[in-house]
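Please keep the sequence and the model in view while reading.

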Amino acid sequence: MRAARFFPFLETLRTYTTRDFRADFMAALTVTPMAIPQAMAYAMMAGVHPQYGIYACMLPVIVAALWGSARYLAAGPTNAISMVLFSTMATVSVGGALLSSLPEEARMTYVFGLALLCGLIQVGMGLARLGDLANYISHSVMVAFATGMAFLIAGSQIKAALGLPGAQPAGFFPQIWLAMRQLDQTNCWSLLLALQTIFLILVFSRCISRRFPSTLVALAIATLTAMTLDAQSKGVTLVGAIPSIVPPLSLPPALSLGLFKDLFMPALAIALLGAVQSLAIGKQMAAIKGDSFSGSQELIAQGLGNITAGLTSGIPGCGSFTRSAPMVTLGAHTRMGSVFSGLLALPMLFVLAPMISRLPMPALAGVLLLIAAQSIDPRAIRLCLVATRVDRAVLLL
């Protein structure tokens, strides 16, 4: 019992079956090809090289899953954390120079330092039992959070699905406004690939089996379609080359009192944002199957994951809705689905790097748009709207 308290994954392994392995492995086999391009995009959003996002998909994901509380909560780089990291590098100066202005090698040591410090803060929050605050998150908040995240995910993918030119704006409403203004510039080939991917996933999952790796097969067909049509020459964006190398060990800069003052507040902001997002998603994922959920244990897990990221050249992350939701819909049974996803990331880079590099971004956008649509629960929303005035106000706010 004492060992299970410090190593929560032991209980999972004790009752693990071949059936669990098949379900978890197939879910991981489908999620990982999506997680890698997403992580690259989030790294670029944070202002760092895409490879550091890929590194964050490996050991940090495994550690967070092994020590976590929610069996379906998958960690990794996220949109929100990447935006905070970008803002930090644009505003925090070290020795009179902004982090964003430093050469990449020098800048990344501070990023690793932020990840490490963020992880230590989250572990401290978990040990202090602050994660129990998740028990006071109401049902209306959870429904609203899932719905809001679904809209944010969908908004962020419209540009890629339509093949619109120009930079991606930040924020849901600017993204919708951009799509409306540039609708006449839609790339028909991009839209075709996005719609094809959504259609194939729906057909495979409904006509064959929900356990069939419909997403993986649909992405493979989209890649073959793009290659056959030479879609890149028609303006369709591809994922591009992926560095297939083992994540190197990393160390933060030598810590001094001045540097600690410079990095503590940004690390605290990332830690708090990651904690709120991870607890909200974790509770939502646990509620789907009626599982118990320990917010404090989850904070410790996310903290250990970020410490691992700081030591293995990864950017900080937290619980990811776009990685967790597919684990549920694809039929994973245990936390080992996320563990297998982290384990598969490295060999998949070596074996599938040429194929992933030719993967059209609109196809990935189609997958995420479908996940976003499936994450909205109209009946739960309707219940919150008619239950009480407080529930209705909380939901809408």
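On a 1 Å grid over the protein atoms alone, a pocket is an open set of points with protein on both sides within 12 Å along at least five of seven lines, a cavity is a set of points where a 1.4 Å probe fits but cannot get out, and lining residues have an atom within 4 Å of a point. The model is predicted, so local features need pLDDT of at least 70 and side-chain atom pairs count only at pLDDT 80 or more, while totals for chains, interfaces and linings use all residues. Residues are numbered from 1 along each chain as its sequence is written, and side-chain values use heavy atoms, with hydrogens and water left out.

The average pLDDT, the predictor's confidence in each residue from 0 to 100, is 84 for the protein, and 94% of the residues score at least 70. Helices (H or I, at least four residues) and strands (E, at least two) are DSSP runs numbered from the N terminus; confidence is lowest in helix α1 (residues 2-6), with a mean of 66, and highest in helix α5 (residues 59-67), at 95.

The second largest pocket is lined by 36 residues, and I288, V328, T329, Q374 and S375 lie nearest its centre. Helix α12 gives the most to this lining, with six residues.

The structure also holds two cavities of 30 Å³ or more. In the largest cavity, 13 residues form the lining, and P60, G76, G305, N306 and G317 are the closest to its centre. Its largest share, four residues, comes from α13. The second largest cavity is lined by residues including A64, R71, E298 and R335, and the elements that give two or more residues to that lining are α5 and α13.

The table gives volumes, each being the space filled by probe spheres set on grid points joined across faces, edges and corners.

| Space | Volume |
|---|---|
| Second largest pocket | about 800 Å³ |
| Largest cavity | about 70 Å³ |
| Second largest cavity | about 50 Å³ |

What does a search for disulfides, pairs of cysteine sulfur atoms within 2.5 Å, find in the whole structure? The search finds zero disulfides; for C57, the nearest cysteine sulfur is that of C318, 13 Å away. With buried meaning under 20% relative accessible area, exposed over 50% and partly exposed in between (1.4 Å probe, protein chains only), C57 counts as buried because its relative accessibility is 2%, whereas C207 counts as exposed because its relative accessibility is 62%.

Key: A disulfide is a pair of cysteine sulfur atoms within 2.5 Å.
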